[in-house]
Amino acid sequence: MEKILAEYRRNLGDFEVVDIDENRIASLRRELDVDVPIDLHWTWNYGSEVEELRSLYERGKRGQWNAETDIDWSTPLPRDQWFLPKEGLELLPTILKAGGADDATCCAAAFDEFGYTMSQLLHGEQAALQLCGQLTNACPTMDAKFYAASQVADEARHVEVIAKLIERKVGTVYPIGGVLKVLLDKLLAAPTWKTKTLGMQTLFEGMAVGIFDMLQKGSTNPLVSDIIRRVKQDEARHAAFGILTMRRTVKEATPEEMREMEDFAFDILETLNANQQLDMLRELGPKYGLDPETVAQMVLQSPEWPKFNSDIFMHTVIPNLARLGLITERTEAKYRARGIMYGDRFGTGTDADVQASL
Ligand SMILES: [Fe+2]
Ligand SMILES: [Fe+2]
C-alpha cells in the first residue's frame with residue numbers, strides 16, 4: 001500500500017518528513033464538505049447488552065460540566081508571563097533559548113506556540129464531535145449509541161471551552177495544519193464504525209490524553225490548568241471507550257483483519273509524526289527568524305531526539321495499541337525506526353484518568 005501523502009514526502013537527513021506545500025494546504029482548508037460513508041444501524045433491543053459501556057455512559061452523565069459557568073473566566077492569562085516550562089515541552093522557546101535569544105522573546109514564542117497547539121486541538125475537537133455523531137448512527141448496540149451520544153455533548157463542550165479560551169485569552173485561532181486535516185478527514189471517512197473507533201477513539205483520543213496530560217503537568221496558570229484538567233477527564237472516558245470497544249473487536253477479528261488494523265494504526269501515527277511540527281514552524285518560525293527546515297534538521301540530529309520525540313506516543317497510545325495486540329514485532333521495529341517508540345518496550349502504562357474510567 002502507498003504511504004499516506006506519498007507525494008509530499010522527502011528526506012531530511014535520514015528521516016523522511018511529510019511537508020505539504022502552501023497551495024495544497026490552502027486548498028485542503030477550503031475543503032469543507034467531505035463525503036463520508038455511514039452505516040446507519042437500528043436496534044430494537046433497548047435493554048443493556050454491554051454493561052461496561054452502560055457504566056461508562058453513567059460515568060459520563062455524572063462528569064458533565066458547564067464551560068461557561070464552571071470556569072472562572074476572570075482569571076488572567078498574561079502573554080508576557082511564563083506558565084509552561086521554559087524548555088523541553090514546547091519547541092520554539094527551547095530552540096530560541098539554545099540560540100541565545102532573550103527571555104522575553106522566548107516567552108512570546110512560547111505563548112504563540114501554545115496558541116497554535118490549542119488551535120490544532122480545537123480543530124481536532126471539532127473532528128471528534130463530528131465523528132462521535134457518526135458513531136451514534138453506526139454503532140450496533142444501544143449502550144454504544146448512548147455512550148457515543150454522551151460523548152457528542154462532551155466534544156461540543158470541548159469545542160466551546162477551547163474556542164472561548166482562544167477568543168478571550170489568546171486572540172488568534174491558527175488555521176488547521178495540512179497533515180492534521182488530511183488525517184482527520186481520513187478518520188471521518190473511515191468505512192466502518194470499527195475503523196472509526198480505532199482511528200478516533202484509540203489513536204487520536206490516546207494522543208489527546210498524552211498532550212493534555214503534559215500541558216496539565218506543565219501549566220502554572222490556574223485557568224489553563226482548570227480547563228485542561230476538566231477536558232482531560234472527559235478525554236480519559238473517550239479513550240476508555242476506545243479500549244473497551246476495541247478489546248471486543250480484536251477478540252472477534254481474523255488474523256487478516258488484525259493485520260489491517262495494525263497497519264492502519266501505524267500509517268496514521270507514522271504520518272502524524274512525519275510532519276515533525278513543520279506545519280507549526282511554517283506558521284510561526286519566520287516571526288522569530290527561524291527557518292523551519294533548519295529547525296527540523298537540528299531537532300532530528302539531536303541525540304535526545306528519539307526520547308523527546310517518543311514521549312507523547314509512549315504516554316498512552318502505544319501502550320494501548322500494544323495491549324490490544326495491534327503492535328507486533330512486525331510493526332514494533334518500524335515504530336522504533338521512526339522515533340515513535342523508544343526505551344521501555346511498551347511505555348509505562350495506562351494514564352491514571354483512563355484507568356479510572358475502565
Ligand atoms: Fe474532546
Ligand atoms: Fe474526546
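This is a predicted model: local features need pLDDT of at least 70, side-chain atom pairs count only at pLDDT 80 or more; totals for chains, interfaces and linings use all residues.
View 1. I227 lies in helix α8, which covers residues 222-252, where helices (H or I, at least four residues) and strands (E, at least two) are DSSP runs numbered from the N terminus. With a relative accessible area of 1%, I227 is buried; buried means under 20% relative accessible area, exposed over 50%, and partly exposed in between, with a 1.4 Å probe and protein chains only. Between I227 and H158, which are 69 residues apart in sequence, the distance in space is 9.2 Å, C-alpha to C-alpha.

**View 2. Helix α4 and its start.** Helix α4 has 36 residues, 103-138, and at 1.5 Å a residue it should span 52 Å, which agrees with the 51 Å between its end C-alpha atoms; the expected span is 1.5 Å times one less than the number of residues. At the start of α4, the backbone nitrogen of A104 has a side-chain oxygen of D102 within 3.2 Å.

**View 3. The packing of α4 with α6.** Helix α6 (residues 178-188) and α4 pack at an angle of about 10 degrees, and their axes are 10 Å apart. That makes the two helices, α4 and α6, roughly parallel, a term that applies to angles under 35 degrees. From α4, the residues Q120, H123, G124, A127, Q130, L131 and Q134 meet L180, L184, L187 and L188 of α6.

**View 4. V36 in a loop.** V36 has its place in the loop between α1 (22-30) and α2 (51-62), and at 28% relative accessibility it counts as partly exposed. Not counting residues up to four places away in sequence, V36 touches Q134, L188 and A189.

View 5. L5, although it is not a glycine, has a positive phi of about 55 degrees; L5 sits in the segment before β1 (9-12) and is buried, with a relative accessible area of 11%. Q277, also not a glycine, has a positive phi of about 60 degrees; Q277 is placed in the loop between α9 (255-274) and α10 (278-284) and is partly exposed, with a relative accessible area of 38%.

**Notes to the views.** Residues are numbered from 1 along each chain as its sequence is written, while chains are lettered from A and ligands numbered from 1 in the order in which they are written. Local features need pLDDT of at least 70 and side-chain atom pairs count only at pLDDT 80 or more, whereas totals for chains, interfaces and linings use all residues, and side-chain values use heavy atoms, with hydrogens and water left out.

Key. A polar contact is a pair of N or O atoms within 3.5 Å; within protein, one must be able to donate a hydrogen and the other to accept it, and residues adjacent in sequence count only if both atoms are side-chain atoms. Axes are lines fitted to C-alpha atoms, for helices over the stretch in contact, and angles run from 0 to 180 degrees between N-to-C directions. Angles under 35 degrees count as roughly parallel, over 145 as roughly antiparallel, 65 to 115 as roughly perpendicular and the rest as oblique. Contact means heavy atoms within 4.5 Å.
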